[in-house]
Amino acid sequence: LFGIIILLTTTLPAKMRAKKSIEKLESSGKLDMAAAELSSPNVKRFVNGKIILTDNFIFCKFVGYVFEYSEILWAYMGRKKGTDMLFVATKDIAPIQVAAMDFDRMNEVKNALIEIHNHNNKCLIGYTNENVAKYNALTK
């Protein structure tokens, strides 16, 4: 799995985060499960394959992270200079951009958000003042 993640990532920081994600999966005993899910035909790819959603995990090629759905506290779409961006946040990781896509493909970002919420209905979805406050309260 580590080799697959390294091949998926494009930058050195992403490769370093991928290595940490793999170590975390290994220490929690979930590495084999993640590897099996990644090679499953049920995998859903979004944003040109930068986001890979399996039954229990989100693989983020752009940044190198692998998250369990249960870890995601908040996910939202942001827009900047002609680009739609997908952000996720956990208790330990402040909102981080995990994928970017041109406006004409923003439905992919929206569909990824729907899938994330379908796997974790406790996840805050969307950028609102209310969600900012809720996320801040969850991470105190």
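This is a predicted model: local features need pLDDT of at least 70, side-chain atom pairs count only at pLDDT 80 or more; totals for chains, interfaces and linings use all residues.
Strands β5 and β6 form a hairpin with two residues between them, and Lys81, in the turn, has a positive phi of about 45°. Residues are numbered from 1 along each chain as its sequence is written, and side-chain values use heavy atoms, with hydrogens and water left out.

β5 covers residues 74-80, and its pairing with β6 is antiparallel, over seven bridges; two strands are said to pair if DSSP finds at least two bridges between them. Within this pairing, Met77 stands opposite Leu86 of β6. β5 also pairs with strand β8, residues 124-125, here in the parallel sense and over two bridges. In that pairing, Trp74 has Leu124 of β8 as its bridge partner.

Now to one residue of β6. Val88 belongs to this strand, which spans residues 83-89. Is Val88 buried or exposed? Val88 is buried, as its relative accessible area is 2%; buried means under 20%, exposed over 50%, and partly exposed in between, with a 1.4 Å probe and protein chains only. Setting aside neighbours within four places in sequence, Val88 is in contact with Phe67, Ile72, Trp74, Ala75, Ala94, Pro95, Ile96, Val98 and Ile116, where contact means heavy atoms within 4.5 Å. Val88 and Phe67 are 21 residues apart in sequence, and their C-alpha atoms are 9.6 Å apart in space.

Phe67 leads us to the largest pocket. Its lining comprises 13 residues, and Lys24, Phe67, Glu71, Thr90 and Ile93 lie nearest the centre. The elements that give two or more residues to this lining are α2 (12-27) and β4 (65-68), and α2 gives the most, with four residues. The volume of this pocket is about 210 Å³. For the terms: on a 1 Å grid over the protein atoms alone, a pocket is an open set of points with protein on both sides within 12 Å along at least five of seven lines, whereas a cavity is a set where a 1.4 Å probe fits but cannot get out; lining residues have an atom within 4 Å of a point. Grid points are joined across faces, edges and corners, and the volume is the space filled by probe spheres set on the points.

Thr54 counts as buried because its relative accessibility is 5%. Not counting residues up to four places away in sequence, Thr54 touches Glu37, Leu38, Val43, Phe59, Tyr69 and His119. His119 lies in helix α4, residues 106-119, and counts as partly exposed at 34% relative accessibility. Beyond its neighbours within four places in sequence, His119 is in contact with Thr54, Asp55 and Tyr69. The C-alpha atoms of His119 and Asn56 are 7.6 Å apart, although the two residues are 63 apart in sequence.

Finally, the whole chain. There are five helices and eight strands; helices (H or I, at least four residues) and strands (E, at least two) are DSSP runs, numbered from the N terminus. Of the 140 residues, 45% count as buried.
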